[in-house]
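Please look at the sequence and the model before reading on.

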Amino acid sequence: MSLVDQILGEGAVADLSVWENKITSGITLVMATLIWFLFEIKETEPVPFLCSILLLLILLLFIWVKYGHLLFIWRPPTPEELQQEDSPVRALFSEIEGLLLMLYEIAYGEDIKTFIWAILYVAIIYTIGSYINLLTIFYICLVCLLTIPVLYLQYQEVVDNFIGEVSEMKNKTLRLFNSRATKKKKKLY
């Protein structure tokens, strides 16, 4: 089992990161690049853009419901079907509810260590976000997630050897520093 498999584990994110399905990974990278290009380079305003997409989706859904039987074999789910227990929409909302409950528990302050770590993480994100746009941060993280594991798997021996050499140099430097520090400490006493 490689280091990438140990870090990423199994599942959809791991498969996406190691380009298990090249089409899905490629589409994800292209869509992220397109979104980043629209909002950062072309300076498209997010709210009107999202409203335009929602209007287009509503129009397409209306056409699909009214005239879809002529073009498509299957019809869209009804609102009653979306409210069933096994509905993907209900599952999404339950996940969001779980995240909000977790944030509430952290903010409630029962576990002070988790509370302090949450504040620290938010402060770090705030500091980075004051210099870089959030969308750019997400884009950089996605590109790193889609490229670093694949490059590591391809050049695993070279990277492991390099990391071993750097670790050995670090250990030598630390031993040298410790020996000099103990000599100076002995001279002081």
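## Annotated spans

How far apart do the end C-alpha atoms of residues 46-67 lie? They lie 31 Å apart, and the span is 100% helix and 0% strand. Residues 23-39 are also 100% helix and 0% strand, with end C-alpha atoms 24 Å apart. Helices here are DSSP runs (H or I, at least four residues), numbered from the N terminus.

An unreviewed UniProt entry places the feature "transmembrane region" at residues 23-39, 46-67 and 114-131. Such annotations may be inferred rather than shown by experiment.

## Basis of the model

The model is predicted: local features need pLDDT of at least 70, side-chain atom pairs count only at pLDDT 80 or more, and totals for chains, interfaces and linings use all residues. Residues are numbered from 1 along each chain as its sequence is written, and side-chain values use heavy atoms, leaving out hydrogens and water.

## Ser-17

Ser-17 belongs to helix 2 (residues 12-17). Ser-17 counts as buried because its relative accessibility is 0%; buried means under 20% relative accessible area (1.4 Å probe, protein chains only).

Leaving aside neighbours within four places in sequence, Ser-17 is in contact (heavy atoms within 4.5 Å) with residues including Leu-145 and Pro-149. A polar atom of the Ser-17 side chain lies 3.5 Å from the backbone oxygen of Leu-145.

Definitions and conventions: Helix = DSSP H or I, 4+ residues; strand = E, 2+ residues; numbered from the N terminus. Buried < 20%, exposed > 50% of the residue type's maximum accessible area, 1.4 Å probe, protein only. Polar contact = N/O pair within 3.5 Å; in protein donor to acceptor, adjacent residues only side chain to side chain.
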